[in-house]
Amino acid sequence: MMNGSSEAWLNSVNKDNKAALMLWMKSYNIDLVQVNGQRKYGGPPPGWVGETPPYGSEVFIGNLPQEIYEDRLIPLFQSVGKLFEFRLMMTFSGLNRGFAYARYPTRRMAELAISHLNGHEIKRGYRIVVSRSTEKCELALDGLPSVLDKDNLTRILCGLTAGVDTVSLHASPMTDMKNMAIIRYNSHRAAAMAKKSFCEGTNLLYGCPFHVDWLQPTVKQKQQSGGLLQPHSFLPQMWNSETKQKKFSVSGVQCLQLICDRMKLGQPVYQIKFLGMGSCGWLRFWYRVVIPKHCAPFTGYSWLLGDNLIPTDKHDQAKEMVALRLLSELGYVVD
């Protein structure tokens, strides 16, 4: 945190305690990073070896005097055990917001912090509250198109966000013929970053707008009790469940165009770049296909037997191979 703005920060409210914090940081070579209304130590701290601590290893700290900072709080919570991360919620004026979070390497250490420090009098008349953090790790994406199945959705989410643990798909409780996904991330931080990413993005999947929020307790309860309905599943009429695996005599390029037209995704735009001739006349190429209302382009490499082909034929054959590959990814079989 402490950079060129340190002087202005020190000259605002609560000068003496801020100066003590700065001295403590310098004495113990402590780095604090302020971002999005919170100041963070660790996550992981210097010299950390091992995996990210499991769910249940974070504690909530409440009823903090606003003028107390990390120079008092971190040593107190380190008296229980090594800290993986400490986050103090801050106001713009430089006071704390009265609460913080401490994460330990194990659930056992978090339990010890609760039993040893809950009710601790940190200042005369101030007994802090230490309890298990709820650690929100699950998001609900509502309003998803029914053409998007769980496998494709998981692939898309893993490409857009980090830390995806599990994905489940259900019928939307709010919108007819749309689906809702419940995504569990491996940490609160990963879930919060994903939520921020979704909120700042276009919020479109397969051309459909969706809504993102933390998973509400009532929806979580329905999920656990089996009260959520099975997801809607839609395929364009000419490729419904009875005919999906049949082979069609039209080209892959035509099929992909028809599917994109039926789903109102816009027509695919192909980019193909030939890279060089391999042994026995095989021609390697790179491709990129952009479908306007699809969330991400398709890219990859492939080969075709092209030693005797004219440039136009090479491009057409490569385009056809790419279209067939995309159709296969979508679950269609084309002759």
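Here are some numbered notes on this predicted model, going from the whole chain down to single sites.

1. Ground rules. This is a predicted model, so local features need pLDDT of at least 70 and side-chain atom pairs count only at pLDDT 80 or more, while totals for chains, interfaces and linings use all residues. Residues are numbered from 1 along each chain as its sequence is written, and side-chain values use heavy atoms, with hydrogens and water left out.

2. The chain overall. The protein chain comes to 9 helices and 17 strands (DSSP runs numbered from the N terminus, with helices being H or I of at least four residues and strands E of at least two). Of its 335 residues, 41% count as buried; buried means under 20% relative accessible area, exposed over 50%, and partly exposed in between, with a 1.4 Å probe and protein chains only. Among contacts (heavy atoms within 4.5 Å) between residues at least 6 apart in sequence, 63% join residues at least 24 apart.

3. Surface. The protein chain exposes about 18400 Å², and carbon and sulfur atoms supply 52% of that. Accessible areas here come from the Shrake-Rupley method with a 1.4 Å probe, and for residues only the protein chains shown count as cover.

4. Ser57. Have a look at the loop between strand 2 (38-42) and strand 3 (58-62), where Ser57 sits. Ser57 counts as buried because its relative accessibility is 0%. Not counting residues up to four places away in sequence, Ser57 touches Ala102, Arg103, Tyr104, Thr106, Arg107, Ala110 and Glu135.

5. Arg103, the partner. Arg103 lies in strand 5 and counts as buried, because its relative accessibility is 6%. Leaving aside neighbours within four places in sequence, the contacts of Arg103 include Pro53, Pro54 and Ser57. Leu83, Phe84, Glu85 and Glu135 are also among the contacts of Arg103.

6. Gly50, in that loop too. Gly50 is in the loop between strand 2 and strand 3. Gly50 counts as exposed because its relative accessible area is 56%.

7. Cavities. The count comes to 2 cavities of 30 Å³ or more. The second largest cavity has a volume of about 30 Å³, and the residues lining it are Pro53, Pro54, Tyr55, Arg103, Glu135, Cys137, Asn186 and Ser187. On a 1 Å grid over the protein atoms alone, a cavity is a set of points where a 1.4 Å probe fits but cannot get out, and a pocket is an open set with protein on both sides within 12 Å along at least five of seven lines; lining residues have an atom within 4 Å of a point. Grid points are joined across faces, edges and corners, and a volume is the space filled by probe spheres set on the points.

8. The largest pocket. About 970 Å³ of space lies in the largest pocket. Its lining has 39 residues, of which Gln38, Arg87, His188, Arg189 and Ala192 lie nearest the centre. Elements giving two or more residues to the lining include strand 4 (85-90), strand 5 (96-103), strand 11 (178-185) and helix 6 (188-200). Helix 6 gives the most, with 6 residues.

9. Cysteines. How many disulfides does a search of the whole structure find? The number is 0, where a disulfide is a pair of cysteine sulfur atoms within 2.5 Å. Cys137 is buried, with a relative accessible area of 4%, and Cys255 counts as buried at 1%.

10. Pro231. Pro231 lies in the loop between helix 7 (217-225) and helix 8 (252-262). Pro231 counts as partly exposed because its relative accessibility is 28%. Pro231 and Asn179 are 52 residues apart in sequence and 5.8 Å apart in space, C-alpha to C-alpha. Beyond neighbours within four places in sequence, Pro231 is in contact with Leu169, His170, Ala171 and Asn179.

11. Leu304. Leu304 is in strand 17 (residues 298-305) and is buried, with a relative accessible area of 2%.
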